[in-house]
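Student: I have a structure open and would like to go through a few of its residues. May we start?

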Amino acid sequence: MVQKEKVAAVDLDEITLTFDEVLADYKLALESRYASLIGRREVLSGKAKFGIFGDGKEVAQIAMAKAWQPGDFRSGYYRDQTLMFALGVHTLEQFFAQLYAHADLEAEPMTGGRAMNAHFATRSLDAQGNWNDLTHLYNSSSDLSPTGAQMPRMVGLTYASRLFRQMPELGQYSGFSQNGNEVVWGTVGNATCAEGVVWEAINAVGVIGGPLVLSIWDDGYGISVSNEYQLTKGNISELLQGFQREPGGSEGYDIYVVQGWDYPALVRTYMQAAEIAREEHVPAIVHVTEMTQPQGHSTSGSHERYKSPERLAWEEAFDCIKKMREWIVEQEIASEAELEEMEKEARRRLEGIRRKAWQAYQAPILQELQEVSDIVDEMLPYSQREQELEQIKRQLSRRQNPNRKDVLRAVRDILITVRDEENPTRQVLAEWKKAQEAANRERYGSHVYSQSEWSALNVGEVKPVTSEESPIVSGFEVLNAAFDAMLARDPRVIAFGEDLGYLGGVNQAFAGLQKKYGALRVSDTGIREATIMGQAIGMALRGLRPIAEIQYLDYLLYALQIMSDDLATLHWRTRGGQKAPVIIRTRGHRLEGIWHSGSPMAGIINLVRGIYVLVPRDMTRAAAFYNTLLLSDEPGMVVEVLNGYRLKEALPDNIGEITLPLGVPEILREGQDVTLVTYGAMCRICMEAAELLAKVGVEVEVIDAQSLLPFDRHGMIVESLKKTNRIVFADEDVPGGTTVYMMQKVLEEQKGYYWLDSEPRTLPAAEHRPAYGTDGDYFSKPNVESVFETVYELMNEADPVRYPMFYR
Ligand SMILES: Cc1ncc(C[n+]2csc(CCOP(=O)(O)OP(=O)(O)O)c2C)c(N)n1
């Protein structure tokens, strides 16, 4: 009997699966299903906060896994647990560890307990932040909860395969690609296909090509809302027909439709799609229909509330595991009795795994609880409040499923209880608390920025070298020379954006560089800011060094969601497991017009912690920041000053080498009366105002912050304030925006409040957008006159005799 099973196989048109293979697949599907069932139970019994599971999607994912090869990449969403198990990249133990939020990379290597359950990610980096060899791994970019957010980076992951295949000079980076053979496996839910970003990404890959196999898991609903309310005609593959490539053509997608319970058809489909994608770089869309969701959308509700009895009955009948089981029996691969035995065994195994994962999660917390309890025991003989302490201890030890929060709250209560006692153990407990706080900061807060030796904060300054002979050129030419040097130095530097390739950018900073380096190095993109950002993220995840241009700062908002949700959180949410050193290039600050002069910096800096935000006042400094970022392994954005492209600057002899350290302001003009902090285009305006103020006897110290994230790392501004005792923060953002951010940094973090002799002032733009034209701009934004008056008023208030009011 055993002998017969070993050699027996089923033939699926050119694909042969042994019976053992089929049964192993079935076993895996069962285990994944039990993981979902037990997972839901764990949430409902209070051991975990929330659960979202991949039940109903198992068989398709097992079929997909068969077509994977090492080096391939996934960009998917929370339904893909079975794929991860089938690839062997995440274990069932890790799945439960994540459900419990086990904040330890050993137990939960995907996110170190930071992301919700079913948010998968593999580790591209070692503990020091070095790249692992990605070509030997099954890779998964790190999942996000906003539906559709996995789509933009799919574009870049896919494009990277194309670049690695078509650019021989990238062959040396063999740890990232084997000739661009890597297929990118995208997954997305049917209802999410109502989102714009899905269409933008599908279109972008259709234009730039590459080996994407995008699966749409179609279970008919998006939570409670059915396809007819999501999609025109209610059918996504019908809608996508326009993307279908002509027979034998090279443009467009191969589109497959296959039922989610049809194991042999799924295996055939994925094998075929992957082979074509891998070999020909033709992308594919696999619309997997008739999927089910046996437990409903998530633990937040029950699907009986919105699915009809007929639909529920259909879901039961067409459950993919049930259908696979029927097929196995029909093919005589195994008997009912054998399958029943497998099912029992799988359930037993899963319960065991769950128990182990729970115990592993609880063990360190119980240990900490014990430590506190022991310290309290030592405290008791010295305390007059023995009973109160016993009570706190008792309550803590009785807690079911204790968290660290419970332990630390008890510690706080104990410290309050013994606060006025001469108790020698109080200090022991305070020290314990301090150590735990440090550990928890690391546990939950590390890796917002790089902790590797390539942290951008480690890059020092290389000053520009200029001489009498240095040519005086327009700002855009300085940048042009800088980008030329970057492209010449490193083939991984790839620049793209709207009008960037053929035209060389709307301000000509890339003029001639496409011709020099080719259309793969410097390229045009469609008008698709979200996927320009995603293109950069995906490429950077695969070791490239993208410079992604967003044409104007005002249009960054289309990309801001992905920048905020994906790029900014990536390193942190994988606890140092992945990085994407993307460089974002854009321009803003001062032109005329509502959507061509904006400076929504506070909106940006408060949404992208994890990305550096640099606001150089001229193009030499912009070039230096680009060089700094390229020497690092971190993402950063440089906002070039819109009206600086035609201003003249001396072209440094060493333009390719100059660097500026991040978070170091520059004093543009010394003065002892008022410190005036600004950045970007406002620097010139403030300098002009300072000249005027000098005429009336006020000496202003003008400081260019240069870098908003990070901001003045060494406290240079407070040093100025110690001298002047008065401070104004000026910029073009809205009231309460970045001026207030800077004020908080200086007055609170740097303790500047201590040195103030006058009220601190902010001088922002108006709260409306800048109106069009010279006057619109003048009356919407700070200008030389308003800077003058703001500063002068401070002086007038301080010494009205010496600085009398003369204009009001
Ligand atoms: C941008 C965004 N909007 C709303 C949600 C809330 N939400 C989570 S899952 C979901 C439904 C997604 O349905 P579908 O794409 O079909 O995937 P499924 O969960 O059915 O696999 C919604 C609305 C979200 N996570 N992100």
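Student: Which residues does His119 touch, not counting those up to four places away in sequence?
Tutor: In this predicted model, His119 touches Tyr78, Gln98, Met110, Thr111, Asp143, Leu144 and Ser145. Contact means heavy atoms within 4.5 Å.

Student: Is His119 buried or exposed?
Tutor: His119 counts as buried because its relative accessibility is 4%. Buried means under 20% relative accessible area, exposed over 50%, and partly exposed in between, with a 1.4 Å probe and protein chains only.

Student: Where does His119 lie?
Tutor: His119 lies in the loop between helix 5 (92–99) and strand 4 (139–140). Helices (H or I, at least four residues) and strands (E, at least two) are DSSP runs, numbered from the N terminus.

Student: Which numbering and confidence limits apply here?
Tutor: Residues are numbered from 1 along each chain as its sequence is written. Local features need pLDDT of at least 70, side-chain atom pairs count only at pLDDT 80 or more, totals for chains, interfaces and linings use all residues, and side-chain values use heavy atoms, with hydrogens and water left out.

Student: On to the backbone: what is the phi of Asn401?
Tutor: Asn401 has a positive phi of about 50 degrees, although it is not a glycine. Asn401 is partly exposed, with a relative accessible area of 26%.

Student: And what is the phi of His447?
Tutor: His447, also not a glycine, has a positive phi of about 65 degrees. At 14% relative accessibility, His447 counts as buried.

Student: Which form, cis or trans, has the peptide bond from Leu709 to Pro710?
Tutor: That bond, from Leu709 to Pro710, is cis, with omega near 0 degrees.
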